[in-house]
Amino acid sequence: ACLVGSEMCIRDRLRPDLICLDLGLGGRDGFDVLAALRQDPELGSVPVVVVSGSDQEARSIAAGARCYVAKPVDADDLLTTVREVLAGDIGSALVVEDDPDTCRLIATTLAEHGIDVRTAGHGREALNRMVEAVPSVILLDIMMPEMDGFELLEHLQRDPIWRQVPVIILTAK
């Protein structure tokens, strides 16, 4: 999981399966970030989905992005894009989000696409859900009570099965 744009990249702890990059980084050129990602030995092969409000699709693809999603982002379009990029069937998802309305919105959207959804309000609850059944993907908020997303990611990395589950970070930070 990697959040490019907020200067927060946790690649030292795990290798992301997919990177969503907003070109409008507030002070940094998103294309410079994309070029740096493509040159990085650890992240160079990770697919990048550019999410932007500017009309830069052709330039994004030419610079090495796997695909481009225009803002405002439609939830269905983003879900379809993530499925295509990860090239697998997403049978089940674990949504880890402390805001009940956001959690319900995400869970409903995924369920409408035939994905079995379980939810957790914080990291400790998510660990309990992981023991019950390992999901195909985890949608994870970073800032949560009791156990935040970073702590949960550390726990996931300790288990050889859990560390294989793709994680998509959803955060306002």
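Q: What should I know before I start?
A: The model is predicted: local features need pLDDT of at least 70, side-chain atom pairs count only at pLDDT 80 or more, and totals for chains, interfaces and linings use all residues. Residues are numbered from 1 along each chain as its sequence is written, and side-chain values use heavy atoms, with hydrogens and water left out.

Q: What is a salt bridge, and how many are there by this rule?
A: A salt bridge is a side-chain nitrogen of Lys or Arg within 4 Å of a carboxyl oxygen of Asp or Glu. By this rule there are four.

Q: Which side chain does R104 meet in a salt bridge?
A: That of D101, at 2.6 Å from N to O. Helices are DSSP runs (H or I, at least four residues), numbered from the N terminus. R104 and D101 both lie in helix 4, residues 100-112. They are three residues apart, about one turn of the helix.

Q: Is D101 buried or exposed?
A: Buried means under 20% relative accessible area, exposed over 50%, and partly exposed in between (1.4 Å probe, protein chains only). D101 has 53%, so it is exposed.

Q: Which residues are linked in a network of salt bridges?
A: R118, E125, R129 and E132.

Definitions and conventions: Helix = DSSP H or I, 4+ residues; strand = E, 2+ residues; numbered from the N terminus.
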